[in-house]
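Please walk through the structure below by its side-chain contacts: charged pairs, ring pairs and nonpolar cores.

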Amino acid sequence: ECRSEISSNLNLESYLIKPLQRLLKYKLLLEEILKYFDGVGKNRGIMETAIEFMSKISAKVNESRKLHEMKVKIQHLENSFIPSKRSPETLYLTNLHERYGDLLMEGKFCKLWRKKQRKLFLFEKALLLTKSGRDDKYIVKDCIQLNLIHVDVHKTRDNVMMVTSLSSLQSRSKPVLYLAESSAICCQWIGAINQRIQILNEDRRY
């Protein structure tokens, strides 16, 4: 109703974000004004302090916005989960961001020996293994917590990633082979997973 009165096609969210967009422009404006200050003086020092302050504000705004976007993305992912028929309670996960941190990567793999398609989601603290269901839904098959020491991920041959874990919800120790779409993707995933394992192990030492 309000939108029709002012003859605008913008929604409420677009109007709410305008003050933030304007806030981020203040630093650029101050930097432009600073160009007209000669030498070193009191006014120039005040302007430089203002620019430094606005830089910190802009960084906090961007950080908060990224955090909000990440939480929305993960919440959308949680809404797409459906429980497994075999283990409807233990493998139906919620509060993923609080438990496992940011979502870093996602990609499609093929379980090698049975040729079953799997969608993998790498979080800061966990590797989530899912199977595609109907209507863009995912059945959670397993969740490997990377902060536990019994996790081994390495490349066996071109495009194949082997995951061995004793930390999963199902406590499986049998290696699982996943076929990536290319050798580059396989190496990218192995590198990212092992990097997170190393970081978590170092954090635990301290």
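At 37% relative accessibility, Glu32 counts as partly exposed, because that class lies between buried (under 20% relative accessible area) and exposed (over 50%), with a 1.4 Å probe and protein chains only. This is a predicted model, in which local features need pLDDT of at least 70 and side-chain atom pairs count only at pLDDT 80 or more, while totals for chains, interfaces and linings use all residues. Residues are numbered from 1 along each chain as its sequence is written, and side-chain values use heavy atoms, with hydrogens and water left out.

Glu32 forms a salt bridge with Lys35, the closest N and O atoms being 3.1 Å apart. The term salt bridge stands for a side-chain nitrogen of Lys or Arg within 4 Å of a carboxyl oxygen of Asp or Glu. Lys35 is exposed, at a relative accessible area of 59%. By the salt-bridge rule the count comes to four. Another of them joins the side chains of Lys27 and Glu31, at 2.7 Å from N to O. Both of these residues lie in helix H2 (residues 12-34), four residues apart, which is about one turn of the helix. Helices (H or I, at least four residues) and strands (E, at least two) are DSSP runs numbered from the N terminus. Lys27 is partly exposed at 23%, and Glu31 is partly exposed at 29%.

A further salt bridge is formed by the side chains of Glu106 and Lys119, at 3.3 Å from N to O. Glu106 lies in strand E2 and Lys119 in strand E3, so this pair ties together parts that are 13 residues apart in sequence.

How many aromatic pairs does a search of the whole structure find? The search finds three. Rings of Phe, Tyr and Trp (its six-membered ring) pair if their centres lie within 6.5 Å; planes under 30 degrees apart count as stacked, over 60 as edge-to-face and the rest as tilted. Phe109 and Trp189 form an edge-to-face pair, with 5.3 Å centre to centre and 85° between the planes. Phe109 is in strand E2 and Trp189 in helix H5, so the pair ties together parts 80 residues apart in sequence. Phe109 is buried, with a relative accessible area of 1%, and Trp189 is buried, with 2%. Phe121 and Tyr138 also form an edge-to-face pair, at 5.6 Å centre to centre and 85° between the planes. That pair links distant parts of the chain, with Phe121 in strand E3 and Tyr138 in strand E5 (residues 138-145), 17 residues apart. Both Phe121 and Tyr138 are buried. Ring pairs also link Phe109, Tyr178 and Trp189 into a cluster.

The remaining topic is the nonpolar cores. A nonpolar core is a set of buried Ala, Val, Leu, Ile, Met, Phe, Trp, Tyr and Cys residues joined through side-chain atoms within 4.5 Å. The largest such core has 21 residues, of which Leu120, Leu122, Leu127, Met161, Tyr178, Trp189 and Ile193 touch the most other members. Elements giving two or more residues to this core include strands E2 (103-111), E3 (116-123) and E4 (126-132), as well as helix H5 (183-205). The largest share, seven residues, comes from H5. Leaving aside neighbours within four places in sequence, Leu122 is in contact with residues including Leu127, Leu146, Trp189, Ala192 and Ile193, where contact means heavy atoms within 4.5 Å. Apart from this core lies another, of 15 residues, among them Phe81, Leu96, Leu103 and Val140.
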